Amino acid sequence: MLFRSERLILLTKDSSLILVDIKRNEKLPSPLIGKTVAEGVSRFATHGNALSYLDAQGTLWTLEGDFAEPKQRSIIGIDVKNISKLTASVHGTNFIAIDNLGGAWLLGKNDDRFNPIAEGIRDARFSFDDRKVLLIGTRELTLYATENRLEQPVRNKGEREIITRFSSPIISAELLTPEEEYL
């Protein structure tokens, strides 16, 4: 995965997370040399200038800045053997883990554990303000509120709103504008 414009993040088969710096000013390609920033990693997600990952015990860690010292984000882990995807909000305050059976698990801004919020989910996208998450099912799009919103329409934390349903399967969906008026 391309991280920023000058770095790659790689998850190897032996569960090592490798950070590779790319030298763009050289005329000839040079061998890529990376450094291991974490081991025992099952899934990872990037957000801003940071990177978060789930370890083998299902604990979420965050690496910021120079990636020297990871910070523990969750205390109680989830079963990572079945986690197929980890998604972070833009600011790294919320995380969604999706398991192989379509269960969506949310780690909210002030939470210390992942909590189940939905079934039948294939993918998730956070809003630009981290207050909502677009849950993408096989044939249904829903919005889930990660915190209370007083703006119109009012949404309470934990509420789900069905946006639309389709007769054919959904491949992908995105929030298109910062105002989140279009999908």
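**Figure 1. Contacts of Lys 157 in the predicted model.** Leaving aside neighbours within four places in sequence, Lys 157 is in contact with Ala 145, Thr 146, Glu 147 and Asn 148. This is a predicted model. Lys 157 sits in the loop that runs between strand S15 (140–145) and S16. Glu 147 is ten residues away from Lys 157 along the chain, and the C-alpha atoms of the two are separated by 4.2 Å. Lys 157 has a relative accessible area of 52%; the cut-off for exposed is over 50%, so Lys 157 counts as exposed.

**Figure 2. The open sheet S13-S14-S15-S16.** Four strands make up this open sheet, in the order S13-S14-S15-S16, with antiparallel pairing. Strand S13 (121–126) and strand S16 (160–165) are at the edges; each has a single partner strand, so one side of each is left without a neighbour in the sheet. On average, neighbouring strands of the sheet are turned by 25 degrees against each other, direction ignored. Strands of a sheet pair through backbone hydrogen bonds, and the pairing may be parallel or antiparallel.

**Figure 3. Pairing of S13 with S14.** Strand S14 covers residues 132–137 and is joined to S13 by five bridges. The two strands run antiparallel. Phe 126 stands opposite Val 133, a residue in S14.

**Figure 4. The largest pocket and its lining.** The volume of the largest pocket is about 340 Å³. The pocket is lined by 17 residues, of which Thr 46, Thr 87, Ala 88, Ser 89 and Arg 125 are the closest to its centre. Strand S5 (41–47), strand S9 (83–88) and S13 each supply at least two lining residues. S5 gives the largest share of the lining, four residues. Sorted by class, the lining has ten nonpolar, five polar and two charged residues.

**Figure 5. The protein chain as a whole, for orientation.** The protein chain has 16 strands and zero helices. Of its 183 residues, 42% count as buried. Among contacts between residues at least 6 apart in sequence, 36% join residues at least 24 apart.

Note on methods: Residues are numbered from 1 along each chain as its sequence is written. This is a predicted model: local features need pLDDT of at least 70, side-chain atom pairs count only at pLDDT 80 or more; totals for chains, interfaces and linings use all residues. Side-chain values use heavy atoms; hydrogens and water are left out. Two strands pair if DSSP finds at least two bridges between them. Axes are lines fitted to C-alpha atoms, for helices over the stretch in contact, and angles run from 0 to 180 degrees between N-to-C directions. On a 1 Å grid over the protein atoms alone, a cavity is a set of points where a 1.4 Å probe fits but cannot get out, and a pocket is an open set with protein on both sides within 12 Å along at least five of seven lines; lining residues have an atom within 4 Å of a point. Grid points are joined across faces, edges and corners, and a volume is the space filled by probe spheres set on the points. Ala, Val, Leu, Ile, Met, Phe, Trp, Tyr, Cys and Pro count as nonpolar, Asp, Glu, Lys and Arg as charged, and the others, Gly among them, as polar. Buried means under 20% relative accessible area, exposed over 50%, partly exposed in between (1.4 Å probe, protein chains only). Contact means heavy atoms within 4.5 Å.
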